[in-house]
Structure formats: structure tokens, C-alpha cells
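Hello,

Here is the structure we spoke about. My notes follow below it.

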Amino acid sequence: MAISTGDTLPDVNLIRLGAEGPEAVSLSSLTKGRKVVIFAVPGAYTPTCHSAHVPSFIRTKGDFDAKGVDEIVCVSVNDPFVMKAWGEATGASEAGISMLSDAGSEFTKAIGMDFDAPPAGLIARSKRYAMYAEDGVVKVLQAEESPGVCEVSGGEALLDSL
């Protein structure tokens, strides 16, 4: 069953590429006592993710900051090396967006947002969504019906819901 508003985020680890290599990032530590936006994409460098979803959060980063959001996190079922390179390629890292890997799809599966699209080569990937959480509790969740569109899960749409 998919996560919904009012649910607590699972205590799983995501991965970031740090100075010494891959580092575990505890989701509970990341969200404890903080206001965090998490948006997920089906895949780094894929068309809608690259040209619409990430740019929408780069454009709205300052507006989220003004609303007291402590961190914006992009999650994808890609390895941390790809996420680091993608963050650099899109300007997301420079904008202050954390690019975190869910390489084994543990987080994505734990919240019921996994899907497969074999014809596109996407296996055990994340549905496209955006959420706002306070102290690890989901306050707003906006998921797309189709992975190829970015309407309700874009930065502007989530910002409007806060």
C-alpha cells in the first residue's frame, strides 16, 4: 500500500556520494525536527525528469526556503555516482538540492511507490511524486498518475499546496 498523508516516513537509508565515496543517509535523521521536501523521479537523465521535474525545484528553491523548508531532496533509483553527476549536470546541486540514491529501491518499495516499465528499461523504479514532511510525518503528498508527466508533483504545484 502506498504511503499517504499523515503517515510517518520509514527509517531507511539513502545514499549520497561524499568526499570519501558513498555514504548512508538515514531518512529519520534527515527529517527529524525538520521540514523537508522529497521529490522522486523514475530515472536520472530521463526526459521528463531532466527537463521538467528537477528544473521545477531549482526554480522554486528560494520560495521553499522562504516557507521554512530546511531541505529539498531528489530521490531516484539510480546509483549515487549517477545522482552526483546528474545533480551537477542539471545545476540542482549548485542550487542546494540534495541528490540522494535509493539504489536498492528500499525506500521506494517501503512507501509503495515502486513500478516497472520493462519496454522503457525501467525496472524497480520510483513513481513520480513530491511530498512535504514535518518531523518525518507526511503532510502533503502529490503523486502523478503517469511517470511521463510532471504536473501535480512539480515544484510550483507542491509550493501552491503548502
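At 0% relative accessibility, Phe 57 counts as buried (buried is under 20% relative accessible area, exposed over 50%, partly exposed in between, with a 1.4 Å probe and protein chains only). Phe 64 is likewise buried, its relative accessible area being 0%.

This is a predicted model: local features need pLDDT of at least 70, side-chain atom pairs count only at pLDDT 80 or more, and totals for chains, interfaces and linings use all residues. Residues are numbered from 1 along each chain as its sequence is written, and side-chain values use heavy atoms, with hydrogens and water left out.

The structure holds three aromatic pairs (rings of Phe, Tyr and Trp, the last by its six-membered ring, with centres within 6.5 Å; planes under 30 degrees apart are stacked, over 60 edge-to-face, the rest tilted). Tyr 45 and Trp 86 form a tilted one, at 6.1 Å centre to centre and 45° between the planes. Tyr 45 is in the loop between strand 3 (35-41) and helix 2 (47-66) and Trp 86 is in helix 3, so this pair ties together parts 41 residues apart in sequence (helices, H or I of at least four residues, and strands, E of at least two, are DSSP runs numbered from the N terminus). Tyr 45 is partly exposed at 42%, whereas Trp 86 is buried at 0%. Phe 57 and Phe 64 make a stacked pair, 5.8 Å centre to centre with 20° between the planes. Ring pairs link these two and Phe 39 into a cluster.

Asn 78 sits in the loop between strand 4 (71-76) and helix 3 (80-90) and is buried, at 12% relative accessibility. Its side chain reaches the backbone nitrogen of Ala 44 at 2.9 Å.

Regards

Notes
Polar contact = N/O pair within 3.5 Å; in protein donor to acceptor, adjacent residues only side chain to side chain.
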